[in-house]
Amino acid sequence: MERPGTPREVCMSQAIQPAHANARGELSAGQLLKWIDTTACLAAEKHAGVSCVTASVDDIQFEETARVGQVITIKAKVTRAFSTSMEISIRVIVQDMLTGIEKLISVAFSTFVAKPVGEEKIHLTPVILLTEQDREEHNLASERRKVRLQHEDTFNNLMKESSKFEGAMREEEGAVATRGTSVQSIELVLPPHANHHGNTFGGQIMAWMETVATISASRLCPAHLFLKSVDMFKFRGPSTVGDRLVFSAIVNNTFQTSVEVGVRVEAFDCQEWSKGQGRHINSAFLIYNAVHDQEELITFPRIKPISKDDFRRYQGAIARKRIRLGRKYVISHKEEIPLSIHWDKSKQASLSSDNVEALKKMAAKSGWEISTALEKIKIYTLEEKDILSVWVEKQVRSPAHLAYHLLSDYTKRPLWDPHYISCEVKDHVGKDDQIYHVICPNINGNKPKDFVVLVSRRKPPKDGNTYVVATKSVIVPSVPPCPQYIRSEAVCSGFLIEAVDCSSCTVSYLSQMSASILPYFAGNLGGWSNSIEETAASCIRFIEKATNDGLLSEI
């Protein structure tokens with residue numbers, strides 16, 4: 001039933017029954033995928049006025065689980081119509097009937113294509129934008145569409161580059177092969193499995209894939225598995241009543257507390273079945289977490305690829321993970337929650353110390369995964385729930401103390417970093433602490449961003465060799481927000497510089513992503529930009545040129 005004022009929205013509510021749940025009493029992810037696909041299809045057809053079919057589904061992230069006795073509410077609406085296709089926004093909420101508490105399970109996007117009868121041509125009418133949120137989603141829909149269209153090329157380019165960091169793969173103790181996780185299953189498509197177009201219901205295919213993938217993941221780690229996300233995928237072709245669908249699943253790779261399972265679906269009619277010549281109609285990649293009986297996340301064993309196909313699937317999982325990271329900004333635009341601290345001169349020592357320790361703590365975390373490796377540059381990422389961090393490691397032919405001198409002076413940063421237009425010192429608050437006003441270029445057509453940051457630097461102690469330059473946003477009354485800029489925030493970032501020998505060092509740049517900073521990194525993380533590598537190379541050239549020009553003698 002629709003609410004007044006939302007003519008394009010379709011709403012489905014379902015009470016979760018035991019038949020919808022798994023052995024733990026939790027709503028089956030496969031059942032939820034069926035409901036999501038049904039609701040999205042009905043929203044598409046309401047706008048188009050003709051039959052519609054699922055063309056693709058973007059990444060689906062599951063933030064919460066639902067249990068028997070609770071109520072699922074799925075709301076879907078068209079965010080933008082193109083010539084013959086539409087983007088559908090889907091929002092899934094679970095409500096506890098006893099407490100009335102609601103929780104968000106997922107926000108997802110899918111693409112549906114209008115299928116008129118016969119030779120009739122159709123051109124979809126534009127979506128009427130009623131609110132500011134409608135306009136924002138309408139604009140972002142165009143960005144998401146670009147990502148979908150270039151997804152295959154991006155993935156292929158990342159696979160070509162994957163050989164560059166095969167040498168970075170370490171032989172880890174306890175790594176396991178994936179042969180034992182291979183699962184195959186078959187389903188006969190019956191009338192109840194078909195949609196109102198006569199084709200196999202897309203949601204039903206997704207549900208079958210989820211079942212096979214769960215079995216595969218459980219063979220790697222016998223624990224309580226739950227689906228965390230489904231990677232973006234396309235429906236390659238239809239199947240109909242009477243087809244035999246063969247599902248083949250196997251674990252591709254693991255990433256600390258998650259495991260990716262790949263599922264391939266082939267369809268056979270009677271003749272194709274007798275000849276063994278099927279049609280590849282879909283491939284999907286599902287990511288699982290697992291918990292112990294105490295509900296604590298399990299760390300999966302690392303994967304040891306053996307065959308050529310093992311390596312292909314292993315590297316493919318890394319590429320898809322990188323693309324998922326990059327899509328986070330364009331798939332769900334999250335509002336920034338201000339975390340900046342107020343600068344207090346009387347607390348300078350503790351604020352500076354906290355700034356430095358936060359950077360060291362980020363570097364010491366476990367779970368960093370390599371995403372790119374070049375001759376002098378490596379890029380790592382770390383995912384912790386909703387927090388994404390990036391680590392860029394550079395090998396530099398320069399003494400560590402010279403690199404420290406250059407990188408700790410942020411007025412020099414615009415000389416090598418294209419993401420910085422200007423850096424102006426606003427307050428010399430101490431020998432090793434300064435407050436800067438930073439202006440960054442605009443992105444996606446918005447106004448330029450500005451930051452007010454505390455930069456704290458530390459030379460290594462007598463028993464150490466690591467120089468530290470830590471950065472964090474602060475609130476300073478003398479630099480109020482300006483209408484010509486978008487006041488933004490750097491949560492935690494900076495440089496760690498370690499001497500390799502007297503003439504070279506390793507420079508590591510670390511940054512915890514905020515909503516302000518992520519747009520500058522999204523394209524690189526997703527594989528359709530090389531901005532991080534280019535900036536890192538520029539940094540190396542800047543430091544090495546200063547060394548060759550004799551700046552060392554001036555320090």
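1. The model is predicted: local features need pLDDT of at least 70, side-chain atom pairs count only at pLDDT 80 or more, and totals for chains, interfaces and linings use all residues. Residues are numbered from 1 along each chain as its sequence is written, and side-chain values use heavy atoms, with hydrogens and water left out.

2. The 17 residues of H7 reach 24 Å from first C-alpha to last, close to the 24 Å expected (the expected span is 1.5 Å times one less than the number of residues).

3. Which residues of H7 are buried? They are Gln-348, Leu-351, Ser-352, Asn-355, Val-356, Leu-359, Met-362 and Ala-363 (buried means under 20% relative accessible area, exposed over 50%, partly exposed in between, with a 1.4 Å probe and protein chains only). Seen down the axis of H7, these buried residues fall within an arc of 130°, so they line one face of the helix (the arc is that of the directions from the helix axis to the C-beta atoms). On the other side of H7, Ala-349, Asp-354, Lys-361 and Ala-364 are exposed.

4. An α-helix has 3.6 residues a turn, so residues three or four places apart point the same way. Lys-360 is partly exposed at 39% relative accessibility, and Glu-357 is partly exposed at 42%.

5. In the whole structure, a search finds 27 salt bridges. One of them joins Asp-243 and Arg-279 at 3.1 Å, N to O. Asp-243 lies in the loop between E9 and E10 and Arg-279 in strand E12, so the pair ties together parts that are 36 residues apart in sequence. Asp-243 is buried at 3% relative accessibility, whereas Arg-279 is partly exposed at 27%.

6. Asp-310 and Arg-313 form a salt bridge, with the closest N and O atoms 2.5 Å apart. Both residues lie in helix H6, and both are buried.

Definitions and conventions
Helix = DSSP H or I, 4+ residues; strand = E, 2+ residues; numbered from the N terminus. Salt bridge = Lys/Arg side-chain N within 4 Å of Asp/Glu carboxyl O.
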